[in-house]
Amino acid sequence: MSEELLRLENLSIDYKVKEGYLSAVKDVNFSINKGEIFAVVGESGCGKSTVAHSIMNLLPGGNETITGKVIFKGRDLREVTEKEMEKIRGKEIGMIFQNPLDSLNPVYTVGSQVAEAIELDKVDKTEAWNRVVELFKDVKMPDAEERAKSFPHELSGGMRQRVMIAMMISRNPELLIADEPTTALDVTIEAQILAIIKALKEQFNTAVMLITHNFGLVAEVADKIGVMYAGEMVETGDVFEIFKNPVHPYTRLLMAALPRKTKNEGRLQTIEGNVPRITEKKPGCRFANRCPYATEKCKTEDPPMVMVGEDHMVRCHEIGKEEK
Amino acid sequence: MIVVSFLVFSLMYMMPGDPIDMVVDRKVSQEKKAEIAHEMGYDQPFLTQYVNWVDDTIHGDFGTSTRYKTDVWGLMKERIPYSLQLCGWSLIVELIIALPLGLLCAMKKDSFFDRFTVNFSLFLTAVPGFWLGALFIIIFAVELGWLPISGYAGPEYFVLPIATCVLTGMGGTLRITKSEVLDVINEKYVTTAYAKGLPKRTVMIKHVLRNSLILVTTLVFMSIPWLISGAVIIEKVFGLPGMGNLLLNSITVQDMPVVQAVLLLIAILTVLCNLASDLIMGVLDPRIRLSMAGGDN
Ligand SMILES: Nc1ncnc2c1ncn2[C@@H]1O[C@H](COP(=O)(O)OP(=O)(O)OP(=O)(O)O)[C@@H](O)[C@H]1O
Ligand code: SF4
Ligand SMILES: [Mg+2]
């Protein structure tokens with residue numbers, strides 16, 4: 001029933017920076033099935049956006065080195081030419097960016113920017129415009145017809161985010177990457193946007209990779225979850241499984257820090273210490289400096305990815321031993 | 001503008017030599033000279049002369065040329081079309097060449113093409129216009145005989161002057177375009193444009209170049225006075241019967257009314273260009289359009 005759509009295999013991304021290389025993403029593995037909502041959570045700077053952009057091959061270009069595979073519908077997108085990638089973007093994979101405020105071109109009306117995407121599928125102008133208005137209604141844009149003729153600076157942050165969503169679902173992609181689609185918005189609008197994303201999944205069987213800081217949000221919509229820490233995917237698995245039985249020390253701390261009340265309070269709370277910036281390649285667990293269970297081995301050896309249940313993977317030395 | 005006219009007036013007033021000497025023969029007696037000077041108003045104190053001139057100008061009377069003894073406006077009217085055509089065509093050709101080149105240089109940043117184009121245009125900017133003009137005359141007019149040397153008797157007489165103007169002026173526009181394009185390429189909405197699935201070409205033209213134009217056209221319009229000052233020299237080199245030539249000749253013979261009028265015209269043009277650049281910015285950028293229409297933001 002569930003067919004695999006996207007699989008990342010040992011994806012690593014280094015940025016060239018002043019100090020040398022910043023290992024922003026290391027050995028990330030996960031897969032998303034058709035019609036599934038996969039949530040990626042983790043503190044700011046842990047590499048979530050970097051992973052998302054690399055799937056679309058939209059990293060800034062110039063200072064990054066990428067290794068590993070991005071397999072989408074059986075094809076490795078890392079091997080695909082730029083021309084072929086252009087056909088995949090928007091059509092097969094859509095992406096909503098973290099910051100809706102400057103993600104729209106200030107000189108064109110928002111409607112024409114959405115229409116521009118639709119017209120790529122050889123739809124004529126009036127037809128495209130009608131679809132834009134339809135889409136604006138779908139994403140609950142107030143005054144859809146009027147708003148389509150507005151310029152981005154005339155819209156609020158929430159409206160611009162709706163425009164972005166309308167644009168990215170306009171071509172019915174099979175996978176939608178949503179990079180913190182609600183972080184900039186208030187709680188009521190957040191709920192509406194989530195409802196839109198859920199409806200999309202139910203209506204069109206769209207798979208969604210949802211990036212967020214917000215655990216409350218994850219519990220509400222996600223099917224699977226991936227916890228990232230300092231560029232590594234430390235735990236992946238089914239949402240219920242992980243909420244019931246968090247295994248990795250970092251996930252546990254996150255859960256413990258979670259007051260299960262309103263969504264806003266559900267945002268990740270701080271844990272003692274800082275996320276390290278990894279600029280040199282040396283073995284050891286990246287969480288060791290903050291981990292309550294850390295041993296000598298943790299500081300000198302890379303922890304392996306251990307399977308602790310069906311589809312439930314954890315990267316940790318200690319757990320691996322306990323479970324054996 | 002007032003400042004310009006006043007400055008020019010003062011400078012001409014202080015220039016060595018008596019304008020009357022240029023008009024009359026050396027042999028004419030002192031009395032006769034004084035009489036002519038009186039007729040032309042040159043015996044009055046400096047400020048009175050200035051005020052008179054301003055008064056006449058406002059009433060559309062630019063005075064009478066001391067050299068040609070004819071109406072200054074009439075002199076200018078014949079010459080304006082030449083200068084306007086030279087500057088206008090130079091501007092258009094410059095934009096047609098410099099904008100795409102700037103875009104290409106930005107897209108292929110640090111490639112051989114980029115370095116060669118930028119350095120070559122820099123070199124051309126540094127070369128004096130009259131020198132390049134003279135070189136062109138030697139090569140294309142004298143040696144090859146493809147084009148006329150100087151003067152004006154048909155459109156082909158414009159080719160070399162425009163080429164000179166464009167080549168010496170292009171570097172600035174090219175570099176502005178390149179740096180602005182490089183700025184815009186990093187904007188988030190450009191990434192959005194790619195994410196929609198637009199091909200690179202479309203993104204570059206519809207999003208990157210279009211948005212760069214806001215600043216580029218504004219700056220280009222503001223630089224038109226430089227273009228004009230360059231054209232003055234080039235008119236002289238190619239003997240085009242335009243305003244620049246008139247201006248330079250008039251300065252040498254201290255033909256005050258003509259110099260005044262031409263410079264005034266250039267000052268007016270400068271102000272108009274600044275105004276036009278504001279208007280164009282408004283047309284190109286909806287955020288400004290709104291605030292200019294007095295709407296809220
Ligand atoms: N172009 C770049 N050059 C150098 N370093 C970068 C670049 N982009 C991101 N980084 C660094 O890579 C790391 C991961 O960044 P990324 O944007 O992927 O984090 P994130 O998880 O999306 O954070 P947030 O939740 O704040 O959006 C950060 O340390 C960031 O500083
Ligand atoms: S490997 Fe060691 S340091 Fe890392 S999370 Fe597990 S116990 Fe903690
Ligand atoms: Mg991010």
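B:K188 and A:D102 make a salt bridge, with their closest N and O atoms 3.5 Å apart. Keep in mind that this is a predicted model. That pair sits in a contact built from 23 residues of chain B and 26 residues of chain A. Below is a quick tour of the interface, then of a sheet in chain A.

**Charged and polar links**
- The rule picks out 3 salt bridges across the interface of chain B and chain A.
- Polar contacts between chain B and chain A come to 13 residue pairs, both partners being at pLDDT 80 or more.

**What chain B brings**

**Buried area**
- Interface size is often quoted as the accessible area lost when the parts come together.
- Here chain B and chain A bury about 2,200 Å² between them, and 61% of that is on carbon and sulfur atoms.

**The sheet in chain A**
- Chain A has an open, antiparallel sheet of 4 strands, running β2-β1-β4-β5.
- β2 (20-33) and β5 (75-76) of chain A are the edge strands with a single partner each, so one side of each has no neighbour in the sheet.
- β1 (residues 4-17) of chain A pairs with β2(A) in the antiparallel sense over 10 bridges, and A:V17 has A:G20 in β2(A) as its bridge partner.
- Helix α1 (residues 48-55) of chain A packs on this sheet, touching β1, β2 and β4 (64-72) of chain A. The direction of α1 makes about 115° with that of β1(A).

Definitions and conventions: Residues are numbered from 1 along each chain as its sequence is written. Chains are lettered from A and ligands numbered from 1 in the order in which they are written. This is a predicted model: local features need pLDDT of at least 70, side-chain atom pairs count only at pLDDT 80 or more; totals for chains, interfaces and linings use all residues. Side-chain values use heavy atoms; hydrogens and water are left out. Contact means heavy atoms within 4.5 Å. Buried area is the accessible area (1.4 Å probe) that two parts lose on being put together, summed over both. A salt bridge is a side-chain nitrogen of Lys or Arg within 4 Å of a carboxyl oxygen of Asp or Glu. A polar contact is a pair of N or O atoms within 3.5 Å; within protein, one must be able to donate a hydrogen and the other to accept it, and residues adjacent in sequence count only if both atoms are side-chain atoms. Two strands pair if DSSP finds at least two bridges between them. Helices (H or I, at least four residues) and strands (E, at least two) are DSSP runs, numbered from the N terminus. Axes are lines fitted to C-alpha atoms, for helices over the stretch in contact, and angles run from 0 to 180 degrees between N-to-C directions.
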